[in-house]
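Visitor: Please take me through one part of this model. I would like a close look at how its pieces meet.

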Amino acid sequence: MMILELLKTIWVSLKVSGSATLIASLLAVPLALFLSSTEFKGKRLILLINQTWMAAPTVVIGLLFYFLLSRTGPLGAFGILFSQTAMMIGQIVLILPLIIGFAYSALRQVDQKARLTALTLGASPSQAGWIVIKEAKYPLIIALLAGFARAVSEVGISMMLGGNIRGETRNITTTIALESSKGEFSNAVVLGILLLGITLGINLMVNTGLREKV
Amino acid sequence: MTIDLAYQLRGIRYDYPANKFALELENLEFSAGRIIALVGPNGAGKTTLLLLLGLLQKPTQGELKFFRVDPWQSQELLFEKRKEVVLVTHHPYLFSGTVFDNLVFGLRVREIPEPEWKGRTGEALAMVELNGFEDKPVKELSAGQAQRLALARAIIVKPRVLLLDEPTANIDAGLVSRIESVISEVNARLSTTIIFSTHNFSQAYRLADQVLYFSDGKQVKYSHENYFSGKAETAEKMSWIEPKPGAKIFFPGAHQGHLTCVISPEKIEVFRDDRKNTLSGPNIFSGRIIRLEMAENNLALLRMSGDLNFRINLPIAELEEKGISLSSPVLVRFAPEAVELIK
């Protein structure tokens with residue numbers, strides 16, 4: 001395998017999973033903020049569904065979106081099956097509940113008085129919400145990193161929705177699957193170690209650098 | 001000159017969804033520019049009232065006017081009015097970061113130009129004797145310093161109304177008078193209306209132009225005579241404090257440490273002291289009626305001075321029946337169960 005192709009593979013992984021994490025966070029954190037600061041009927045049910053969804057197997061999400069995005073499916077007109085966009089959508093769906101769940105408990109840990117204090121000092125509700133997010137910033141970063149780690153290491157969605165197209169949608173995990181099925185274990189092992197390295201790096205950040213500040 | 005009203009409350013009710021507690025206030029007005037103390041045992045509704053006055057909780061029922069305007073009319077109006085009143089909670093929350101970060105929070109959201117910040121933070125810190133603490137991380141502050149910072153963080157925005165929930169509860173004895181003079185100073189210099197809750201009667205009377213009493217979510221006509229403090233002692237499932245030598249107040253249960261208790265004036269029985277030794281049991285005190293006032297609802301308010309000083313409520317009709325008038329010698333009695341403890 002050429003070094004350039006290898007770099008391209010790594011880049012696809014980082015780009016797709018990075019964007020998926022970013023978009024999922026933009027959706028999940030405000031939602032978690034709302035859930036953590038409001039009491040309403042059905043909230044427990046929402047949290048329960050979210051928890052269940054967290055454990056959804058990647059291939060099930062892959063399969064679901066395969067049907068949705070295939071030419072004859074309801075979203076077939078967009079023609080995005082077997083593209084990076086399709087992989088990204090699948091990964092967003094995969095990690096959204098994870099980030100919601102982690103962010104929810106991170107925001108719940110912030111004293112309810114933080115919001116009240118911000119409001120009484122003259123903050124608008126959005127400024128007060130921002131303060132709560134700021135007070136929970138380290139556990140929130142952990143939530144995002146956990147989401148990214150899950151996205152970058154999954155293979156089912158990338159395979160089914162990306163199609164493992166060389167130079168296009170082939171990423172680290174689908175390459176590992178391909179190389180090992182071809183019997184090219186040395187390439188698979190190198191990439192496997194690389195992926196482990198990325199997730200290890202994230203976990204190290206989570207466990208050492210950030211923990212002290214939490 | 002007409003006195004402006006900071007608050008007008010009419011038929012206010014606030015229900016907590018989770019429990020039975022409710023705050024009910026028929027008619028209550030707070031004049032602007034004054035210092036008002038809210039006094040009562042824990043659970044009396046003082047904190048809830050402060051949250052309502054701070055426009056942080058909406059009354060379940062009734063009308064609350066803040067400087068003659070209903071702030072809950074619209075969200076925009078509410079946020080505008082909230083900028084005029086600051087509540088300093090009991091065990092205040094400090095934002096992570098430094099003392100300076102905390103102080104400028106209110107200035108930042110009010111879009112006060114940055115060049116002004118330095119002067120104002122310095123001034124505010126000096127008032128609470130935390131000079132030079134600007135760059136200190138809040139994690140390193142003691143509970144008392146945190147309380148003082150929270151006060152400075154509120155004062156710095158120069159609110160029209162300052163609400164303080166037990167402002168000296170975490171403060172070292174030596175600094176209580178400093179905090180009290182800050183309260184007086186802010187009121188005098190900026191004519192800020194200050195409403196604070198306290199358990200400390202002498203503090204309430206020392207600082208406030210007006211003292212309001214609360215019990216069980218209602219405003220009551222308590223008087224400070226029925227509050228007593230002392231070190232608790234226990235024997236045989238009863239405890240007592242001895243506020244004055246020889247005068248013991250008994251109450252049920254085992255208790256330790258310094259306690260304050262309150263006896264509701266309605267729960268005190270009064271007798272003319274002419275049949276000595278006919279009363280027996282705990283919590284009997286003798287004295288003389290030193291004040292007699294006629295109040296609403298055909299009630300007489302009595303003040304008794306003797307072993308201990310009590311405030312007693314009695315239907316006017318019973319005065320004659322019991323032969324009680326000014327300077328009568330009297331005995332008072334109340335059940336140990338009528339004694340309410342304040343932690």
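Guide: A crossing is left-handed if the near helix is turned anticlockwise from the far one by less than a right angle, and right-handed if clockwise. This is a predicted model, where local features need pLDDT of at least 70, side-chain atom pairs count only at pLDDT 80 or more, and totals for chains, interfaces and linings use all residues. Residues are numbered from 1 along each chain as its sequence is written, while chains are lettered from A and ligands numbered from 1 in the order in which they are written.

Find α4 (residues 84–109) and α7 (residues 137–153) in chain A. Both are helices (DSSP runs of H or I, at least four residues, numbered from the N terminus; strands are E, at least two). Their axes come within 9 Å and cross at roughly 160°. Axes are lines fitted to C-alpha atoms over the stretch in contact, with angles from 0 to 180 degrees between N-to-C directions. α4(A) and α7(A) are therefore roughly antiparallel (over 145 degrees). Their crossing is right-handed.

Now the side of α4(A) that meets α7(A). Its residues include A:Leu94, A:Leu98, A:Phe102 and A:Gln109. Facing them from α7(A) are residues including A:Pro139, A:Ala143, A:Gly147 and A:Arg150. Contact here puts C-beta atoms, placed from the backbone, within 7 Å. The contact residues divide into 14 nonpolar, three polar and one charged. Ala, Val, Leu, Ile, Met, Phe, Trp, Tyr, Cys and Pro count as nonpolar, Asp, Glu, Lys and Arg as charged, and the others, Gly among them, as polar.

Key
Parallel < 35°, antiparallel > 145°, perpendicular 65-115°, else oblique. Contact = placed C-beta atoms within 7 Å.
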